There are 2 protein chains.
Amino acid sequence: MNSSPELTEPEAASLPTIVDIRRAAERLRGEAVRTPLLEAPLLNERVGGRILLKAECLQRTGSFKFRGAYNRIAQIPEDDRKNGVVGYSSGNHAQGVACAAQMLGIPATIVMPSDAPRMKIENTRTYGADVVLYERFSEDRDAISKRIAAEKGATIIRPFDDPGIISGQGTIGLELAEQLAEAGAAPDAVTVCCGGGGLISGTALALEDTLPGVPVYAVEPSDFDDTVRSLEAGQRLGNPPEARSICDALLSPMPGALTFAINRRLLAGGVGVTDDEALEAMAIAFRYLKIVLEPGGAVSLAAVLTGKVPVSGRTVAVVASGGNCDPDMFASALERFPD
Amino acid sequence: MNSSPELTEPEAASLPTIVDIRRAAERLRGEAVRTPLLEAPLLNERVGGRILLKAECLQRTGSFKFRGAYNRIAQIPEDDRKNGVVGYSSGNHAQGVACAAQMLGIPATIVMPSDAPRMKIENTRTYGADVVLYERFSEDRDAISKRIAAEKGATIIRPFDDPGIISGQGTIGLELAEQLAEAGAAPDAVTVCCGGGGLISGTALALEDTLPGVPVYAVEPSDFDDTVRSLEAGQRLGNPPEARSICDALLSPMPGALTFAINRRLLAGGVGVTDDEALEAMAIAFRYLKIVLEPGGAVSLAAVLTGKVPVSGRTVAVVASGGNCDPDMFASALERFPD
């Protein structure tokens, strides 16, 4: 029985398993940060429930993306390494690829949208990568990346639809299950930020093994709710080209083939949150948890704070994916939501 | 030989030791957060050295103060507990005492300056404490606290000059030494925020045992550099009454008797930083480490960023003490120091 009829046979055979995630955890040991699971009594009191937040903003490069990038790049055959890697990304995958490549001694070229946060572009360059800018809404980043890769013989490191990437992100699920047990917490639900679906598909795969039966929800920007709609439709649907959001980390055009095959099997559902709800969640994380989240990294918390994933009288684990936020955006979140 | 001639004999006999700190660590196990030791490659590149930051802003109540308060309150004899505790504090100790008392089922009254950050006052109330406000620069908080304690038969929980408090804060030093070893880092120096000296005296005591010979530096606001001047003079000196700083957590009038007896024996020295240098350190911690520091919690990082404690070509461990910052203060730090 092929449980993923929408995939080609080679694609279906490549889908990662819990074994791949455990191997990724071995590769990442001592390289990635075991990010803390944070909890604030005053926040719990505010929501009338228990929130435990996996703070991937404290990951190397400021987002979870380092995990998948390192796991994928570390598996490039020796002979291909000298030709380098090419990544395309709004910024967090860019930094993850650049940093992982630098640590592994491999040259990196990163194709980034010209409207990505300035900090993400600067940081990517500081990790030693060549940055090639393109226009997000008029140029085709896939085509640009393929051309560069062909010229150099380089390996393309896709941002989410790759078994090595998914397995790397899945290590978050392994740690989350361990840390929830350490905290004596049995979650009623898990919320995860969702762009192309790499983070949540890997996390859900790990939780299927470590916390079976706990529902996992994808959280997206309301106007980029392709995974929510795709889950409901039972097939991959894209976002309208005119959609815009401040959640720059989550603006993928549609779910990945591999990630969606996993997500349709494992996710309990998904919800969308507005840009303002993401900004307010950033201000709440500032106030109660003392961490910096970027808009796209805060949507999973926003889903809980808004009650879209209920927390009252319950325990919800939240995977917050990144903190690479420009200072002016963060200041405006604090000014607009001081309480 | 009495190595602390300025203390009375009972005071000298009460000075905590590494044994007391290890006992405190046992009491705090599962109650306090083992805060992470954070490091950012891009920050290291910026300073040309290695910074490892102990993020006590991620501690329960948003600052290290919970450790000492819990350790001290947990040692109150059973018969005295019903009469409650009284604490006086600019805010972080207040929250620490209120939270620890609540966890231990003991009533708490907190005497706080009326100009303390609104958030700290609100949070203290939310932990179930009675808050009594006073005027920082005209009223005597000690006298107010003693009167309340006498009326209730309550135990006064001093903010720093108490063996149980010092031992609790010292657990940071134990964790720091463990985490530095885990990170493969041998520090050339340690910087610690310093108000009354409870945090640094406890930390220095722990490091004397776990990292002997590593110099520990007190960092204070320039205009509240009582410990720096006292160390130089060899005796306790106070701050001028007209001194002001935005580092509300560090505005103690002079070093404690116990804390100074420890600090004069163990510290390598101290430095002062300006309010602007503290604000810039907050912006740097935002950008590179994705954490929220309050001004007083950032001075230890500011000392390194300014080169007052040199980091170029070296490894420095920084104890950042808290993150209870009003949003407008944080936003202004980001706006003034965007890079």
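Buried area is the accessible area, found with a 1.4 Å probe, that two parts lose on being put together, summed over both. In this predicted model, chain B and chain A bury about 2800 Å² between them, 66% of it on carbon and sulfur atoms.

**Where the chains meet**
- Within chain B, Leu42(B), Phe286(B) and Lys290(B) lose the most area to chain A, together 25% of what that side buries.
- Chain B and chain A each bring 32 residues to the contact (heavy atoms within 4.5 Å).

**Charged and polar links**
- There are 4 salt bridges between chain B and chain A (a side-chain nitrogen of Lys or Arg within 4 Å of a carboxyl oxygen of Asp or Glu).
- Arg287(B) makes a salt bridge with Glu122(A), with the closest N and O atoms 3.1 Å apart.
- The side of chain B that touches chain A has 18 nonpolar, 5 polar and 9 charged residues; Gly counts as polar, and Asp, Glu, Lys and Arg count as charged.

**A pair of strands in chain B**
- From strand 3 (residues 85–88) of chain B, Val85(B) and Gly87(B) point one way and Val86(B) and Tyr88(B) the other, and all are buried (under 20% relative accessible area, 1.4 Å probe, protein chains only).
- Strand 3 pairs with strand 4 (residues 108–113) of chain B in the parallel sense over 4 bridges; strands are DSSP runs of E, at least two residues, numbered from the N terminus, and pairing needs at least two bridges.
- Tyr88(B) stands opposite Val111(B) in strand 4 of chain B.

**Reading notes**
- Residues are numbered from 1 along each chain as its sequence is written, and chains are lettered from A in the order in which they are written.
- Local features need pLDDT of at least 70, side-chain atom pairs count only at pLDDT 80 or more, and totals for chains, interfaces and linings use all residues, while side-chain values use heavy atoms, leaving out hydrogens and water.

Methods: Buried means under 20% relative accessible area, exposed over 50%, partly exposed in between (1.4 Å probe, protein chains only).
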